[in-house]
Amino acid sequence: MWEREGRAFSMYKRMPSRDRSDVMDVEENSAFSQDSMDVETTNPSMWLSFPHVVVGTLSSFLFGYHLGVVNEPLESISLDLGFTGNTLAEGLVVSTCLGGALIGSLFSGWIADGVGRRRAFQLCALPMIIGASTSATTKTLAGMLIGRFLVGTGMGIGPSAVALYVTEVSPASVRGTYGSFIQIATCLGLMVALFIGIPVKEIAGWWRICFWVSTIPAGFLVVAMMFCAESPHWLYKQGRIAEAEAEFERLLGGSHVKYAMVELAKLDRGDDADTVKLSELFYGRHFRVVYIGSTLFALQQLSGINAVFYFSSSVFKSAGVPSDVANAFIGVANLSGSIIAMLLMDKLGRKMLLLWSFFGMAISMLVQVAAANTFVSGSASLYLSVGGMLMFVLTFALGAGPVPSLLLPEIFPSRIRAKAMAICNQFLRWLALPAFAGATWTATLILDVRKRLPSLYLFEVSVPEVLQKLGRDAHGSQPLTTLHS
């Protein structure tokens, strides 16, 4: 009895707790179920599902690429399109894709449930192709913003689709490993974007090539998805049982099909066939699990990782490290942590990696605080700042980065999985980013003032005095001097 119960929890195993007693009755009374479990004596081969997972994670690669594609070329873009020195326009070029991502994330769950996981990937890639082409060919700021917005809609659809797809096509024995591919692909996308942007200062118009390059993996994703397996979970929910069995055979092998179908039937048992309403995710029996998922992603975003990525160059610059070398250091730390997480995910478990990841990030922040302490010497302070930042990125990639996207599809019931992922994984994330963008703009303004008035203590000088002094300096009527030393 106990042996059967333990084995029933090995693969496609997540289900509402109220259904578990029904599952045990099925196991005791169904000879088909018992015979199927007797067949399941070994884990399915990981290599059958490997190419499907790799193709799916191309959307994560594109996500990372478009996050970093304007990092190096922004100055050249502003020069060619005629908004040099306009910090508002430069900020819009960077952040407009986030607005598009918010729109895309609102509909990602419904798209994945409505047209299937494969077509969701294709719908994710198409606006990225159109948007990147628009940005690459435009001669105006408006065209650039339209292109970035279209790219953003694809960025909003992709993460939910890939998290669902990887969870639903991967064998349980390597699901954690394959889930880490999402984070690794995102890291590679960021690194490739930074690498592609290196010649932008030497070659006129190179920034257009940077956008054109992104259409290659996006186009490959559209075509390759035609030959990849559809999610058996989605097919089963649509009542296409024979097709679900055929896809399981492609992904797991013929000897594991019956067992996988039995497990899938247990997951679906007790789930209502009616379409889930958005309101059901915020109250009733689904509220707790959605609340847990939302909290995980809120903690991920509020950890400060975006601030580290956006301001790491400033910290390295203060230590005398060039920006391209700094970006390489951050990328290597991020990729190294993701690879370690991939190796440990299925051995240590999701919870252990998550706990140690946040603990390591807290230690990293303490190192940064120590670096800012006035009792620490100049060189030691710089080493602690750089080391603390690299340690923060490394520990983030160990757990806080990859675990939430992998864990949530495992704990959500199949009936609400896609829509709950859209709410937790994307909607809340993209709502958090505008708040961060506002804080970033304020911090940038203050830093700009402090740069122009290096010895200024803002709390000892009134705002009109600051503005008056900045105005005098801007018009050249008087040399800029410090107001307080």
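Q: Taking a salt bridge to be a side-chain nitrogen of Lys or Arg within 4 Å of a carboxyl oxygen of Asp or Glu, how many salt bridges does the structure hold?
A: This is a predicted model, in which local features need pLDDT of at least 70 and side-chain atom pairs count only at pLDDT 80 or more, while totals for chains, interfaces and linings use all residues. Residues are numbered from 1 along each chain as its sequence is written, and side-chain values rest on heavy atoms, with hydrogens and water left out. One of the bridges joins Arg 240 to Glu 243, whose closest N and O atoms are 2.8 Å apart. The salt bridges of the structure number six.

Q: How many residues apart are Lys 237 and Asp 113?
A: The side chains of Lys 237 and Asp 113 meet in a salt bridge at 3.6 Å, N to O. Lys 237 belongs to helix H12 (residues 232–237) and Asp 113 to helix H7 (residues 87–115), where helices (H or I, at least four residues) are DSSP runs numbered from the N terminus. The bridge thus links distant parts of the chain, and the two residues are separated by 124 residues.

Q: Is Asp 113 buried or exposed?
A: Asp 113 is linked with Arg 117, Glu 168 and Lys 237 in a network of salt bridges. Buried means under 20% relative accessible area, exposed over 50%, and partly exposed in between (1.4 Å probe, protein chains only). On this scale Lys 237, at 32%, counts as partly exposed, whereas Asp 113, at 12%, counts as buried.

Q: By about how many helical turns are Arg 250 and Glu 247 separated?
A: These two residues form a salt bridge whose closest N and O atoms are 3.4 Å apart. Arg 250 is partly exposed at 36% relative accessibility, while Glu 247 is buried at 11%. Because they are three residues apart in helix H13 (residues 241–252), their separation is about one helical turn.

Q: In which helix do Phe 61 and Tyr 65 both lie?
A: Rings of Phe, Tyr and Trp (its six-membered ring) pair if their centres lie within 6.5 Å, with planes under 30 degrees apart counting as stacked, over 60 as edge-to-face and the rest as tilted. This rule gives eight aromatic pairs. Phe 61 and Tyr 65 are stacked, because their ring centres are 6.4 Å apart and their planes meet at 25 degrees. Four residues, or about one turn, separate the two within helix H5 (residues 58–68).

Q: Is the aromatic pair of Trp 207 and Phe 211 stacked or edge-to-face?
A: The centre-to-centre distance of Trp 207 and Phe 211 is 6.2 Å. Both residues lie in helix H11 (residues 206–224), four residues apart, and both are buried, Trp 207 at 0% relative accessibility and Phe 211 at 2%. With 90 degrees between the planes, the pair is edge-to-face.

Q: Which helix gives the most to the nonpolar patch?
A: Patches consist of residues with over 30% relative accessible area and no salt bridge, like charges being joined within 9 Å and nonpolar side chains (Val, Leu, Ile, Met, Phe, Trp, Tyr) within 5 Å. Leu 348, Met 352, Trp 356, Phe 359, Ile 363 and Leu 366 form this surface patch, with about 620 Å² of accessible area together (Shrake-Rupley method, 1.4 Å probe, only the protein chains shown counting as cover for residues). Leu 348, partly exposed at 48%, sits in helix H17 (residues 323–348). Five residues of the patch come from the helix spanning residues 350–372, namely H18.
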